[in-house]
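Please keep the sequence and the 3D view at hand while reading.

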Amino acid sequence: MNLPERIDPAQLARLGSLTIKARVIVEGALSGLHRASVHGSSVEFAEHKEYSPGDELRHVDWKAYGKLDRYYVKQFEQESQLTVYVVLDASASMAFSGGGIPKVEYAGLALAALAYLVIQQQDKVGLVACGDRAIETMVPPRARTTHLHDLLGVLDTLMTKGAKGDESPAAALSRIAELARRRRALIVLASDLFDDSDDTLKLLAQLRAQRHDVTVLHTLDPHELAFPYDGLTQFESLETPNKLLVNPAAIKKDYLARMDAFLTKCRGTLAAAGVDYHLVQTDRALERTLLDLVVARSRLGPGRRAS
Amino acid sequence: MGFLAPLMLVGIVALAVPIAIHLIGRRRARVVKFAALDFLMGTKRRTARRFRLRERLLLIVRAVACAAVAIALAKPYTSCSRKGPQVTRGPQAAVIVIDDSFASGYLIDGQPWLKKAADECRRILQQLGPEAEIAIVRASEAAEHPTELTRDHLRLRDQLLALEPSARPADTTRALSHAAQLLAASSHARRTVFLASLLAKHGLRPNDPPWGKDGPALAVLELRPSSMANLAVTSLRVDADPGAGSRGMAFDAEVANYSDVAQKVELSLTIGERVVARGTLDLAARDKRSKRFLAALPPGTRATDASVAITSPNDALAVDDKRWVRASLADRVRVLLVNGDPRTVRHDDELFYLEAALRPGDREDSGTFVRTITAEELAGIEPHARGKAGAIDLAEFDVVVLANVAALAAERATVLADWVRSGGGIMIAPGDRFDPAAYDRTMLPLLPQSLRDPIDTTWGATPQDRDSRALHLVKWESDHPIFAPFSKTAPELADAKFFKIALLGPTTDTADRKVLARFTNGAAALLEASIGTGRTLLLTSTLDRDWNDLPIHPGYLPFVQQSIRYLARKHGSFGSTEHAVGSSVALATPDLKKLEVRGPDNVGAIFEGDRIIGRTSVRFSRTERPGVYRVTGTDKAGANGVRDELAFVVNIDPRGSDLTAAPPSALPPSGTGGGSSPSDESRRIELWHALAAALLLLLLAEGLLVQR
C-alpha cells in the first residue's frame, strides 16, 4: 500500500472551507486504494455510480465502460445503511496547542473528513459535540449531501469558536446511546479523555457492549506527551482556575510517568471492552490518521461491521 | 566590629541583584495554558514544597554570597579583650614567672590551676620563638631559681610539664625580683616578664617593688578565676587537759573561711590512725573560728601524731584542709623530794601524800620521775656531780621539793640557789621542823619572802570549834598555770581546811614576787618568785596533813602536779615540735650513731658516719611536704628503735591559704622593656578570612542546589 504524502495539519487548516479540507484529506488518504473498506454490499443491483477513488475495481461495470467510455461502478441495494456518529470533544482542554494546531481543530478536521467519506458512501452521519454545557450541539444522522454541508458547518463553527467548557464526552455518549438504541451505529469519538472521572471510558465500554462499533481517536498534543518545557514556567489550567509556577525539569519525570499510566489505562480499558483505540498526535498527518482509521476498520471482521 | 575598607561596603547593594533576579524571574515566568494540569498538580503536591524551599534557599544563598563578597572586601575585624598578653616572636629576653605555691593546686573544673597556667606558659613559650632567651622562675616561697636565660626551649617545656604545686605559700615579689635580675643581665633590647600567678595578696609586697620604671615589661596572664573561695585549718594547738585525766588533751583547731559566703564545715580529729572526734563549725563570710576537741591519748602511748581535717563540698583547695600536731604527754618531770620528817609509819611520813600525787598508781607513764632523799642526804648535793660516788647530781632534776626541811647549811643553800638560778625550780613547804630564825640565816636566797613563826588558828579551840576556826584558800590566781585546772571558787581547793600556817616576814632579793593564793584571813598561802632563770614556790603550810587536810581533797593532786610542772617549765612543751614547710629542723642526737628521718611520700634522710658522730644535733631540711616525720635511731650499742621524742610534724604556712586578690596597684609597674608595651588589652581579629571561607561554602551550596 502506497501511503499518501504527508499533509501538514497546520497547512491544511489554512485551506478554505471545511468541505474542501475534508475532501483533501479523504482524497489524500484514499487515492490508490483499490477497495473502500467502509462500502456496503448486497446481492441486489441498485444503480450505476460514476467511479470515484476508493471504489472497488471489481464493481466497475466494464460493459458500460465499453459503451460509454466512462467508468461506472455498480451499486447494490444495501441491506441496512450505516449510521455513523462523530463525537467531538470541544471542552476547553481540547483548545490546547503546543505549537501546532489545537487539538479541537485537529479532531474536527479528522471527523469532518470521516463525515465526508461516510456521506460519499451514502451512509448516515451525525454529529454530537460536548464541552459547553450551555449549548447542546447535535446534528442528527442523515445521508444526504446537503446534510454534509450542514454538519460540516456546525463543525466549522465549533472549531472556529474554539473549545470551551468542561463538559465531559460522557454526556454526548449518553445521548448517542439513547438515539442509537434501536440500530447499531459506528461511533467515533475524538477527545483527549481528560476527564476527572472514568465516566467516558465506562460509557464507551457500555456502547460497545450494546454492539455498537466504537472508535476512539485519543487526540493529544505532542507537548502533552513529551513535556518539552524548560525554565521557570507558569502552567495554567484550561478548564479550572488552577495555576502552577514550577521548574518543569523538576517535575518532568513524574509527569511523564503519570501520563504514561493514563495512556496505559485508557488503552487497556478500551481494548478490554473491544473499542477501537487510536492515539493521535496533532502533528500527525490527518490523512494518515484517517487511513489508519479506515484500514483498522477494514481489518475488522464482518461481525464488527455495523451494516 | 569595624572595617578596614568601609567604602567597600557599598558593594552590599549587590545583595539586591539576586533578589531582583528572583522577583523578575518569577514575573517573567513563561505562562503556558496546559490541558493536562491535573497531572502536574498531582506531581506538584509532592514537589512544590521542595521546589519552593529550594528556590528560597537559592535566593538566600545567593543573597548572602553577594553580601559576603562586599563585606569581605571591606575587611571586617573585631576587637576583643585579650585573654593572654600579646606575644611577639623574635629575638628577645623573657622570663616566665609561674605560681607554684600550694594554692596553685586549686581545682578549677576538676583540674589544678597550675596545669592550666603551665599550658598557657607553654603556649607563650612556643609563640616567643626559638630566638628568644627564656627562663622559668617559680613563684613559691624559697623556690630555687635559674641563674641564666636559655634557648633550650625543649628543657623549659619539660620543666613546665613537670611542674607540681609545692607546699609553700607564694612569694611573687621575690620571683619577680629575680626575673628582673635575670633580664638585666641580658643584652636583648626587648625584655618581658610573663606572670602566671593567682595574684594572691600575701605573695605581693607593694612596698618592695622588684624593679623601677626602667624595668622589664610586665605581661600578666589573666588566669585567676573570678572567685577563689577557700576553707583552711590555719592553726592547731594541743594542750594537756588535766580535767580529762592524766592522758587528757585539748586540741584547738582554728578554721578560716576565705570566701564571701557563709560556710558550714565538718571537722574530724584523728589521733594516730583513728578518727576519735567529729564536729561542725558555722563560719560567716571572711570568718575565723576555733573548735576545741577533748580527747585522751591511747593507753601506753606517751606521744603520737594527731590531725584535724575539714571537709566541705565547696572547697577547691585540699592541701590546707588538714593540719598535724604532735600530741605528747607532758615530758617526764624529774623531781627530787627532800623529806624533812621521815617516818616509819607510811601514812605519817611527810611525803606520803606528795609521792602519791606525783606518781598516781605508781605508773611509769605518770610523767614524773621522783627520787626521795632525807634532809641529811641533801648534804651531798652537787651542781654537776656526774660519776661521783654518793653524790646527788642536781643536773638530773628539774624540781627540788623541800618538805618540812630544817634550815640547810649556808653552803648547801648556796648550791641550791645557784642551781635554781640556772633554771631549776624549788618548792618549799614548812612543817614542824621549820625554824624561822634558822631560815632567815641561811635560806633567804631560796625564799620569795622571809618566814615568821607559824600560827595555829585552832589553838585552844574545842574539837567542835576546830573546823569552824580553820582557814581556807581564797583569791587564788585562776589565770596562773598552777590554778588553770580550777575555777575561781573550785570546791576541791576551797573546802580544804588549814589549821596552821607560817606567816611571812620581809621580802627578799628575789624578783617577780607574787602571791598566788591567800587564806581567808588574808595571809599569803602560796608565793612565787624568780631567781635568775629559775623559780621558787613557797607554800606557807605543810604538804602532808600535819597543818591542813588539803592532801585528802580532790584539788591536791592537780595542784601539786601543776606546781611541779610549772616549776619544771614543762607547760609550753606541747606542740613545740611543729614546723613550717621548708623549715630546718634540729634533731638532738645524744648517743646515736645513726638517725633516719622519714616524712610523707617517703621523703627523708639518713644521718650516719661523720654527719652524726661527735655532734649533739643534726639538721633536717627536706621538709617540703606537710605531714608527720618519724625518726628512727641506732644507738652506739647498736639498738635500733623508733624515737618518738624526736618525731615532728610539718604544716603549711597558713598565710598561703588566703587567696584574696591583690589590688592592681600591688603589681610592679610595667616598664618599657625596650619594646612595645604589652599592656594593650585589646586585640584585633580580622574576619575576612572566615568570610572568604564562608563564601566558598556558599558557592558550593549554591552549586549543589542548582544541580538538584
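## Terms and model

Two residues are in contact if their C-beta atoms, placed from the backbone, lie within 7 Å. This is a predicted model, in which local features need pLDDT of at least 70, side-chain atom pairs count only at pLDDT 80 or more, and totals for chains, interfaces and linings use all residues. Residues are numbered from 1 along each chain as its sequence is written, while chains are lettered from A and ligands numbered from 1 in the order in which they are written.

## Chain B in outline

In chain B, among contacts with a separation of 6 or more, 76% join residues 24 or more positions apart. Chain B has 12 helices and 37 strands; helices (H or I, at least four residues) and strands (E, at least two) are DSSP runs, numbered from the N terminus. Of its 708 residues, 41% count as buried. A residue is buried if 20 or more other C-beta atoms lie within 10 Å of its own, exposed if 12 or fewer, and partly exposed in between, with C-beta atoms placed from the backbone.

## Where the chains meet

How many residues does the contact take from each chain? Chain A gives 25 residues and chain B gives 20 residues. On the side of chain A that touches chain B, the elements that give two or more residues are β8 (233–237), β9 (243–246) and α9 (248–273) of chain A. The largest share, six residues, comes from α9(A). By class, this side of chain A has 13 nonpolar, seven polar and five charged residues. Here Ala, Val, Leu, Ile, Met, Phe, Trp, Tyr, Cys and Pro count as nonpolar, Asp, Glu, Lys and Arg as charged, and the others, Gly among them, as polar.

Strand pairing also links the chains: β8(A) runs parallel to strand β2 (residues 30–34) of chain B, with five bridges joining them. Two strands pair if DSSP finds at least two bridges between them. Opposite B:Val32 in β2(B) stands A:Phe235, and opposite B:Arg30 stands A:Thr233. Within chain A, A:Thr233 has A:Val246 in β9(A) as its bridge partner. β8(A) and β9(A) pair in the antiparallel sense over four bridges, and they form a hairpin with five residues between them.

## The sheet of chain A

Six strands of chain A form an open sheet with mixed pairing, in the order β5-β4-β3-β6-β7-β10. Its edge strands, each pairing on one side only, are β5 (137–142) and β10 (276–281) of chain A. From one strand to the next, the twist averages 15°. Axes are lines fitted to C-alpha atoms, for helices over the stretch in contact, and angles run from 0 to 180 degrees between N-to-C directions.

Strand β4 (residues 124–130) of chain A pairs with β5(A) in the antiparallel sense over four bridges. In this pair, A:Val125 stands opposite A:Arg142.

## Helices on the sheet

α4(A) lies across β3 (83–89), β4, β6 (186–191) and β7 (213–220) of chain A, at about 170° to β3(A). α9(A) also packs on the sheet, touching β7 and β10 of chain A, and its direction makes about 150° with that of β10(A).

Is α4(A) enclosed or open? In α4(A), 18 of the 18 residues are buried, so the helix is largely enclosed by the rest of the structure. Just after α4(A), A:Gln122 takes a positive phi of about 60°.
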